[in-house]
Amino acid sequence: MLRLDGKIAIVTGCGSYAPGWGNGKAIAALFARQGATVLGVDIDAGAAEETRRIVEQEGNTLHIAACDVTDSAQVDALVAGCVARFGRLDILVNNVGRSEPGTPVSMDAETWRQQLDLNLTSAYLTSKAALPVMAGQGGGAVVNISSVAGMRWVGKDQVAYAAAKAGLIQFNKVTAVAFARQGVRLNCVVPGLMLTPLVQRLAERYGAGDYEAMVAMRHAQVPMGRMGDAWDVAHAALFLASDEARYITGTEIVVDGGLTASTG
Ligand SMILES: NC(=O)c1ccc[n+]([C@@H]2O[C@H](COP(=O)([O-])OP(=O)(O)OC[C@H]3O[C@@H](n4cnc5c(N)ncnc54)[C@H](O)[C@@H]3O)[C@@H](O)[C@H]2O)c1
C-alpha cells in the first residue's frame with residue numbers, strides 16, 4: 001500500500017523555514033521512504049541541501065535543484081531537466097507558499113502581486129510545464145498544498161494568501177477536469193493549523209514575536225485541541241499521489257483536526 005516505487009516526483013519547497021519538519025521537507029522525505037525518485041526543489045539551495053542530508057541519514061536518496069518556482073524560465077528548465085535526467089515525471093507536489101499580513105487597504109500592491117505569484121501562479125507555471133509531460137506519458141498525479149485560509153477566516157488578516165489559496169483549490173478543480181481523460185489527476189491537500197517551523201515566522205508577522213502565545217492560540221482554535229504537524233500533511237499528500245487514489249481527482253483532503261467543520 002502507498003508505495004511509490006518507480007515513480008519520479010518533483011516536490012517544490014523541499015526545504016524548511018527553520019530547523020524541524022516543514023510540510024515540503026516531510027513530503028520529500030516520505031516519498032523517498034516510499035520508493036520514489038524525488039527531485040526536491042527550493043529557491044534556497046542550503047535549505048534543500050539540509051533536507052538531502054536528513055533523507056540520506058535515513059538511508060534514502062534525495063536529488064535537489066535550485067529553482068524559483070515563480071520564474072517561468074526556471075520552472076521550464078527544471079521540468080525539462082527532470083525529464084532529461086530521469087526519463088519521465090509521475091508526481092508533482094506544489095508545496096511552495098507563504099503568507100503576508102494585510103487587508104486590501106493595509107497591503108501594498110507589490111506584496112499583493114508577490115503573494116499571488118508565490119501561492120498561486122507558481123502552481124500554474126509548474127503545471128504548464130509538467131502536465132504535457134504527464135499527459136504524453138499516459139498519466140500522472142499533481143498534489144497542490146492549499147490552506148484552510150482559502151476556505152475560512154482563520155484568525156488573522158492575510159487577504160492575498162487567503163485569496164490565492166482559494167484560487168489554488170479552484171485552479172485544481174478545473175485543471176483536473178481538463179486533464180481527466182489524459183490520466184492526470186490533480187488534488188489538493190488543505191492543511192489547517194500545523195505546528196511547523198513556519199509558525200515561528202507567523203509569530204513574527206502576526207503575533208508581535210510571541211511564539212509561545214501564537215502556539216497556544218493555534219492549539220486552542222482546533223476542535224482536537226492541538227495543531228497537526230508536517231507528517232499529517234505528508235501522509236495525505238502520499239495518499240493522493242499514490243496509485244491507491246487512482247479514481248480520485250479534482251478534490252481536496254482537509255487535514256485540520258476538525259477546524260473547518262467547527263467553523264462552517
Ligand atoms: N504550517 C502551516 O501551518 C500551514 C498551514 C496551511 C498551509 N500551509 C502551506 O504549506 C506549504 C509550505 O509549508 P512548509 O512547512 O514546507 O513551509 P516552509 O516555509 O518551512 O518551507 C517552504 C520552502 O519553500 C521555499 N521557497 C520559498 N519561495 C520559493 C520559491 N519562489 N521557489 C522555490 N522555493 C521557494 C523556502 O525556501 C522553504 O524552504 C505552503 O504552501 C503553506 O502555505 C502551511
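Which pocket is the space taken by the ligand? In this predicted model, the ligand takes the space of the largest pocket. The points below treat the ligand, the pocket and the cavity in turn.

**The shell around the ligand**

- The ligand is surrounded by 31 residues, and the closest are Y17, N23, D42, N95 and Y161.
- Sorted by class, this shell consists of 12 nonpolar, 13 polar and 6 charged residues.
- Two elements give two or more residues to the shell, namely helix 1 (23–33) and helix 5 (159–179).

- Y17 places a backbone N or O atom 2.7 Å from an oxygen atom of the ligand.
- N95 has a polar backbone atom that is 2.7 Å from an oxygen atom of the ligand.
- T196 contributes through its side chain: a polar atom there lies 2.9 Å from a nitrogen atom of the ligand.

**The largest pocket**

- The lining of the largest pocket is made of 43 residues, and those nearest its centre are N95, V96, G97, R98 and L198.
- At least two lining residues are supplied by each of helix 1, strand 2 (37–42), helix 4, helix 5 and helix 6 (198–206).
- Helix 6 provides the largest share of this lining, with 3 residues.
- By class, the pocket lining has 20 nonpolar, 16 polar and 7 charged residues.

**The largest cavity**

- The largest cavity holds about 60 Å³ of space.
- Its lining is formed by T12, V69, N94, N95, V96, N119, S122, A123, I145 and L168.
- Helix 4 (residues 109–137) gives the largest share of the cavity lining, 3 residues.
- The lining of the cavity divides into 5 nonpolar and 5 polar residues, with no charged residues.

Conventions: Residues are numbered from 1 along each chain as its sequence is written. This is a predicted model: local features need pLDDT of at least 70, side-chain atom pairs count only at pLDDT 80 or more; totals for chains, interfaces and linings use all residues. Side-chain values use heavy atoms; hydrogens and water are left out. A residue is near a molecule or strand if one of its heavy atoms lies within 4 Å of it. A polar contact is a pair of N or O atoms within 3.5 Å; within protein, one must be able to donate a hydrogen and the other to accept it, and residues adjacent in sequence count only if both atoms are side-chain atoms. On a 1 Å grid over the protein atoms alone, a cavity is a set of points where a 1.4 Å probe fits but cannot get out, and a pocket is an open set with protein on both sides within 12 Å along at least five of seven lines; lining residues have an atom within 4 Å of a point. A molecule sits in a cavity or pocket if more than half of its atoms lie within 2 Å of its grid points. Helices (H or I, at least four residues) and strands (E, at least two) are DSSP runs, numbered from the N terminus. Ala, Val, Leu, Ile, Met, Phe, Trp, Tyr, Cys and Pro count as nonpolar, Asp, Glu, Lys and Arg as charged, and the others, Gly among them, as polar. Grid points are joined across faces, edges and corners, and a volume is the space filled by probe spheres set on the points.
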